[in-house]
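Me: I would like to learn how to read a model like this one. Please take me through it feature by feature.

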Amino acid sequence: MTRAELCAKIGEAKAAWSNLGSFTYCEPYGNGHINDTFLAVAENGKRYILQRINHTVFKRPDEIMENITAVTAHIYAKTGDERSTLQVIPTDDGQSFFCDSIGSYWRVYAFCEGTVAKEAVTCTEEFVACAEAFGEFQGQLANFDASVLHEAIVNFHNTPVRYENLMRAVEADVCGRAASVKAEIEFAMARRDFASILENARESGELPLRVTHNDTKLNNILFDAETQKPVCVIDLDTVMPGYSVNDFGDSIRFGANTAAEDETDLSKVSLDLELYRAYADGFVRGCGGKLTERELELLPIGARMMTFECGLRFLTDYLEGDVYFRTSREGHNLDRCRCQFALVADMERKEAEMKIVG
Ligand code: ADP
Ligand code: GN1
Ligand code: MG
């Protein structure tokens with residue numbers, strides 16, 4: 001979609017929330033890889049997040065919004081604090097989303113004022129706070145009826161399926177890129193058995209399914225700008241039954257890497273063990289004693305699995321022509337993949353030191 005077309009659709013979306021008055025400002029916002037996010041300011045100065053939901057990624061945006069409405073109501077009922085969870089602003093028709101004339105889905109959230117999203121960890125305490133927040137989020141949803149949730153993305157964190165998707169992308173090689181990424185494909189293939197560890201553990205009843213966030217990146221938490229304490233867990237599109245160890249793992253992948261997710265100088269990539277251990281303590285504490293002994297044992301595997309899986313996904317997207325993750329430079333997905341695989345290799349070297357119990 002061109003910028004002009006997008007602007008026209010933003011116009012339609014704005015009209016669907018005329019109850020907020022007209023927006024005087026509306027500009028792209030944040031660093032998400034999936035949705036189109038805009039900061040919209042109403043005439044009275046109130047700020048909102050206007051988002052176009054990525055319809056290619058989320059096949060049923062209406063179901064996503066049902067999930068989010070239910071989950072946020074559950075959390076709000078517990079905390080009674082408006083900033084503690086996303087506030088979905090209904091359209092003039094009382095709907096949680098608006099579908100424009102070309103079938104794009106839009107939603108509006110209250111802007112969580114006085115907060116900041118962070119792209120990198122600046123101190124250990126901040127990362128511990130992030131751990132407690134994601135742990136607490138899981139605790140808040142422990143008594144949530146998972147049967148009302150739609151599966152936002154089927155097989156989202158099913159690593160063997162992600163592995164097979166990569167193999168199919170290699171086979172199809174639609175962009176003719178496979179020959180140039182032989183080393184990365186071989187790295188993935190050498191870890192085929194590893195990919196199944198968590199799925200095997202679930203099948204044998206060792207790993208429980210819980211209501212999890214499934215996208216626990218640091219920038220999916222809003223921190224209070226003054227106190228630096230976590231205020232709100234956002235990006236609830238992927239809340240669905242999943243594994244606690246994956247929620248743990250995705251935070252480690254992003255936050256305990258000594259480099260950015262797309263760092264090209266791989267010598268800068270490594271697992272910061274101090275951050276890792278601090279996060280593990282905070283997460284376990286945040287979960288309030290709900291994790292089983294086996295889950296505690298599998299936390300290090302969760303970290304390695306999420307990093308490996310994300311690498312598989314970036315590589316698949318590179319081979320398929322960069323159709324899933326938003327990219328901002330040539331080879332961006334390949335850079336991201338290489339960075340993830342370098343982190344996996346470092347985690348393999350640090351396997352003994354990553355143990356949390358046992
Ligand atoms: P994506 O799925 O593309 O990652 P997010 O829902 O995470 O989209 O939003 C992208 C960014 O927008 C966040 O990282 C955060 O900076 C900002 N953001 C999202 N929702 C809010 C909100 N309610 N208040 C303030 N900032 C927000
Ligand atoms: C996407 O939406 P965002 O930017 O928080 C992706 C995650 C990946 C992450 C990699 C729905 O997260 O699964 O781990 O990029 N979200 C979806 O940075 O695919
Ligand atoms: Mg996000």
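Reply: Start with Asp235, which is partly exposed, with a relative accessible area of 24%. Buried means under 20% relative accessible area, exposed over 50%, and partly exposed in between (1.4 Å probe, protein chains only). This is a predicted model, in which local features need pLDDT of at least 70, side-chain atom pairs count only at pLDDT 80 or more, and totals for chains, interfaces and linings use all residues. Residues are numbered from 1 along each chain as its sequence is written, chains are lettered from A and ligands numbered from 1 in the order in which they are written, and side-chain values use heavy atoms, with hydrogens and water left out.

Me: Which protein donors does the magnesium ion (ligand 3) have?

Reply: Donors are N, O and S atoms within 2.8 Å of the metal (3.2 Å for Na, K and Ca); water is not among the atoms, so sites may look incomplete. Here they are Asn220 (OD1) and Asp235 (OD), lying 2.2 Å from the ion. The two sit 15 residues apart, Asn220 in the loop between strand 7 (210-212) and strand 8 (221-224), and Asp235 in the loop between strand 9 (230-233) and strand 10 (240-242). Strands (E, at least two residues) and helices (H or I, at least four) are DSSP runs, numbered from the N terminus.

Me: Is Asn220 buried or exposed?

Reply: Asn220 counts as buried, at 5% relative accessibility.

Me: Which residues come nearest to ligand 1?

Reply: A residue is near a molecule if one of its heavy atoms lies within 4 Å of it. Of the 18 residues around ligand 1, Asn35, Gln51, Cys112, Asn219 and Asp235 come nearest. A polar side-chain atom of Asn220 is 3.0 Å from an oxygen atom of ligand 1, and a polar backbone atom of Asn219 also lies 3.0 Å from an oxygen atom of this ligand.

Key
Polar contact = N/O pair within 3.5 Å; in protein donor to acceptor, adjacent residues only side chain to side chain.
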